[in-house]
Amino acid sequence: RSTIERSIEACAPYVVLGIGGVPLKWATGLTDVRSFRGKPFAARFGQHVCWYVPTLDPDWLDPFAGQRIDKVPCDEWAAALERDVRAAYALASTATVPKVLTPERVTGNLVLLRSHAEVVKVLEHLATLELVGFDFETHRTRPYGADALLLSMAFSDGVTTWAMPWEHSGTWFDAAARRRLRPVLRAFFLSHALKVAHNLPFEAEWIAHHFGFDIAPHFSTHFACTMQQAFVLDPGPPGNKGSSGHALHDLMVRHFGVRLKELEHAADFVARLRELDVGDVLAYNGPDARAAVLLFRRQRKLVEQQGLETIYQDQLDRVFPVVAAQRAGIPIDATINAEFQTKLAAELTAVEARIRSVPEIAVFERRNKVVFNPLANDHVGKLLVDHFGMSTVCGATDRSYKTADDVLRPLMSRAPIIGHVL
């Protein structure tokens with residue numbers, strides 16, 4: 001690594017173009033180059049700060065010529081590679097240098113709130129600010145279960161971060177102290193300060209549950225979400241990979257060159273936070289609140305530059321109805337549910353018996369040493385290709401099988417088992 005870094009320092013480029021997944025991992029710690037290709041990263045190589053732009057390796061694309069990758073034709077990936085290279089040269093021509101933060105800029109200046117008076121003083125101050133980042137750590141994703149716990153909370157103005165335990169076993173605020181503090185927190189969440197979190201719908205449910213559902217209508221006016229910003233700026237890679245690259249860690253690496261989760265001991269135990277020492281939990285909680293402020297400011301400029309304010313607001317407006325729907329839940333009629341279970345279970349048993357009666361099933365299972373699963377696309381596709389000769393329709397030219405209803409239904413006369421599967 002040191003040899004490559006010295007070479008980059010000597011060249012002092014404005015942009016380093018990374019070809020393939022190996023340099024992406026080396027430069028950023030991230031994997032999956034298809035999700036991150038074409039995105040400029042703020043990077044530091046030795047003492048040199050510049051942009052890093054990952055893209056695909058053309059040698060990796062060659063074997064897939066004429067096929068599809070993640071449901072996208074290989075030719076389109078090749079075109080994306082060309083666009084990425086052109087964009088990297090265009091970025092270099094601007095002669096701009098990204099802002100790379102030190103780890104201490106994100107993790108430092110963390111203050112633990114230890115008394116009622118300290119919490120009141122800090123939250124009253126934060127309520128007067130234009131922008132405040134906040135973050136919750138919880139046990140369970142949703143607040144409604146019997147063992148769901150709001151373990152801790154953190155707040156940041158971007159320079160100083162304050163963290164406090166809540167329902168963690170190591171908290172210094174007992175039940176009575178939390179009852180006295182709840183109106184203070186409620187007043188803060190109702191304040192006119194713009195309160196920003198990463199993935200606001202998550203925090204919003206916990207706020208509504210613990211501090212009052214009447215706060216929820218304010219989620220679209222006095223709250224902000226860095227994940228919604230990131231989605232608006234970049235909905236995700238093409239194909240069937242869905243939305244990706246929107247995790248707080250990924251975005252901090254991209255915009256500031258900070259590998260956030262590598263700085264936090266508790267990141268390795270995120271599913272067991274309630275078992276960790278409360279100090280470790282607060283040290284994990286605090287930087288996320290700071291990161292929310294820093295990231296919001298950076299992405300807000302990009303949203304404004306690209307004229308995406310209305311689309312971002314549309315995303316933010318969804319938070320309140322989503323939280324309301326989740327809180328209300330869906331009423332289940334136990335009697336009707338039981339009737340459907342009985343009726344459909346009998347029908348399912350009959351269909352499975354018809355599938356098992358097809359002779360080719362036994363041959364398929366013997367050859368492949370698996371139990372045929374009619375819900376598995378690869379089982380159905382392989383059965384039709386290998387045993388019914390439907391390679392031209394259900395074959396794997398793009399390394400997947402086509403077993404959707406509209407594909408299989410016209411073929412029912414050629415293989416009766418298709419009707420049973422559907």
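User: Which residues touch the most other members in the largest nonpolar core?

Analyst: As background, nonpolar side chains in soluble globular proteins tend to be buried together. This model is predicted. Its largest nonpolar core has 50 residues, and those touching the most other members are F134, M153, F155, M164, F189 and F219. Another core, of 21 residues, lies apart from it and includes V16, C50, V72 and L81.

User: How many disulfides does a search of the whole structure find?

Analyst: A disulfide is a covalent bond between the sulfur atoms of two cysteines. Here the search finds zero. For C50, the nearest cysteine sulfur belongs to C11 and is 10 Å away.

User: Is C50 buried or exposed?

Analyst: C50 counts as buried because its relative accessibility is 1%, and buried means under 20%. C225 is also buried, with a relative accessible area of 1%.

User: What is the strand order in the open sheet of six strands?

Analyst: Strands of a sheet pair through backbone hydrogen bonds, either parallel or antiparallel. In this sheet the order is β6-β9-β8-β7-β10-β11, and the pairing is mixed. β6 (110–112) and β11 (223–225) are the edge strands, each pairing on one side only. From one strand to the next, the twist averages 30°.

User: How many bridges join β6 to β9?

Analyst: Three bridges join them, and the two strands run parallel. V111 has W162 in β9 as its bridge partner.

User: Which strands does helix α7 lie across?

Analyst: Helix α7 (residues 116–126) lies across β6, β7, β8 and β9, at about 135° to β9. Helix α8 (residues 175–189) also packs on the sheet, touching β7, β8, β9, β10 and β11. The direction of α8 makes about 50° with that of β8.

Note on methods. Residues are numbered from 1 along each chain as its sequence is written. This is a predicted model: local features need pLDDT of at least 70, side-chain atom pairs count only at pLDDT 80 or more; totals for chains, interfaces and linings use all residues. Side-chain values use heavy atoms; hydrogens and water are left out. A nonpolar core is a set of buried Ala, Val, Leu, Ile, Met, Phe, Trp, Tyr and Cys residues joined through side-chain atoms within 4.5 Å. Buried means under 20% relative accessible area, exposed over 50%, partly exposed in between (1.4 Å probe, protein chains only). A disulfide is a pair of cysteine sulfur atoms within 2.5 Å. Two strands pair if DSSP finds at least two bridges between them. Helices (H or I, at least four residues) and strands (E, at least two) are DSSP runs, numbered from the N terminus. Axes are lines fitted to C-alpha atoms, for helices over the stretch in contact, and angles run from 0 to 180 degrees between N-to-C directions. Contact means heavy atoms within 4.5 Å.
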